[in-house]
Amino acid sequence: MDSSTPVVESLRTPPEKTDDGWILGTPYHCDNPLSTTTYIDASTTFGNVENNYPVYNIEGSIALQNYDDTWWLWQVGSTNPFATNSDGDKVTLDSVSVTVRLYILDLNQDGEDDLLVFGEFIELYWSVLRPNEHKEILLNLEPSRGVRDIGTIDIDGDGDQDLWALLGTGGVDYHQGWGLIFEQESDGTYGEPYEYIERDYFGAAFDGVVMDWEGDGDPDLYVCNDFGYYWGGNHVLINENGRLTDGDSNGADIATACMGISVADLDMDDHLDLYGTATAGQNFLKGGPDGFVDYTSAAEFPEATIDQMLWGAQITDYNNDGLFDIIVATSGFTKVDQNGPSVDSYPIWAIEQQPDHTFEEVGVQLGLEQNSASRAVLTHDINNDGVVDFIVSDATREAYVYLSDGCTENNWIEISGPDNSIVKVVANNTQWTIHLTKTPGMAASMPATVHIGLGDIDMVDWIELEIPWLGTRSLLGPIEPRQQISFVEP
């Protein structure tokens, strides 16, 4: 790997004080720590007893929700969206049309989760699972026109959660996309949507990532385009005074069949990198002072076959060794022929980063399914042992759930905070930087939490959050590892 990229020394400058709003957890004590990380297939944890869907779930959207100290797993399914928990409870939604994706988000910031369900429509279930749950229809479209992705953005800095949406058409006109903003009103509801930029800027939009692209304090939108070779590559929409406009992608305008984008400083050189999944490939866009350069081959990422699609992915550190890894869902695409629908089987990848910042696929060693139709990925420590667990959806069945089988010798820390922030953790002259989002990768949502392995480092020097519109919020150490830390703006 290129070691000539200069270190941005200002990122190593300790904060002067701790800001209000930090909530420290109780450090976790690991009895009988393991030298290696192992997993067990616990798919029945959320009641998975039906291995085959009658109709394939094309994108396999999943969402993880903690309600009343119980984990619920939401899935699109093959008929109607549903949620199950580890107690065997199940709820099913009656959607107006075919659901493509669903996300769990606290949209009005009242401490109660809301559920966005969308496809050729947008439905919003306020306070989902609670007695006061109620449904609102935000948008209805005619068949073949639908929402590809949606998420939160405080577009104008007034403190509420507006919605952005990427829309498109089906068939040969798939590239004729457009974007909508739903501004949140003072009473927490949403007004009539408006288009935020001319339609010529959109290709076959498939996924979006909100982050402060320019470093000027406001949130921008990076758009991941499918069929990029035909309809235009990925692009950046910059926030200018509360309006999204065409911006400089700094080399991230790759033309690929993009499925999703994840953001972190993977090689820890103090520049954010992008990892993108795509049909028949992937892209590791290494950030630097002059923009992004594709380092996929140089970093020795595993090669995908010509008909292998890489769908959802999430950056985490599964073995707590201090190096970011990537869990990736791979499979073919559902096909219909004279024998009916079929889908090719491919492995769930665990792409482990090596000390020299190359990457090796180790899914077989971890016992991950090698003949899957896997789609979306979530990584979260469900069983509270300090090791992230994996939830991976499948087009043909309910989701795979892989639970860690014991805690590790290596240390770790978890940080929760406002959606679309950048987390920086500094310890022992090493810095970890990662995007904090409730919607990591493609078609997946979970609490806004990042898990950072520390290896044998036994104390964190400080933590910083870069929050759109609010700026930097710091926690000055020493901070004991093996704990979950959260930040809530006072």
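Figure 1. Of the 490 residues in the chain, 61% are buried. Please keep in mind as you browse these views that the model is predicted.

**Figure 2. Overall dimensions of the fold.** Along the principal axes, the C-alpha atoms fill a box of roughly 55 × 50 × 50 Å. The radius of gyration is 21 Å, which agrees with a compact globule, because 490 residues in such a globule would give a value near 23 Å.

**Figure 3. Secondary structure and contacts.** Here you can look through the 2 helices and 39 strands of the chain. Take the contacts between residues at least 6 apart in sequence: 56% of them join residues at least 24 apart.

Figure 4. Strand β11 covers residues 145-153. Is this strand mostly covered or mostly uncovered? It is mostly covered, with 8 of its 9 residues buried.

**Figure 5. The pairing of β11 with β12.** Which way do β11 and its partner β12, residues 162-169, run? They run antiparallel, and 8 bridges join them. For a landmark in this view, find Arg 145, which stands opposite Thr 169 in β12.

**Figure 6. Charges in the chain.** The chain carries 18 positive and 85 negative charges. How far apart are the mean positions of these two sets? The mean positions lie 4 Å apart.

Key
Residues are numbered from 1 along each chain as its sequence is written. This is a predicted model: local features need pLDDT of at least 70, side-chain atom pairs count only at pLDDT 80 or more; totals for chains, interfaces and linings use all residues. Side-chain values use heavy atoms; hydrogens and water are left out. Buried means under 20% relative accessible area, exposed over 50%, partly exposed in between (1.4 Å probe, protein chains only). Helices (H or I, at least four residues) and strands (E, at least two) are DSSP runs, numbered from the N terminus. Two strands pair if DSSP finds at least two bridges between them. The radius of gyration is taken over C-alpha atoms; the globule rule is 2.2 Å times the number of residues to the power 0.38. Contact means heavy atoms within 4.5 Å. Lys and Arg count as positive and Asp and Glu as negative; His and the chain ends are not counted. The place of a charge is taken as NZ of Lys, CZ of Arg, CG of Asp or CD of Glu.
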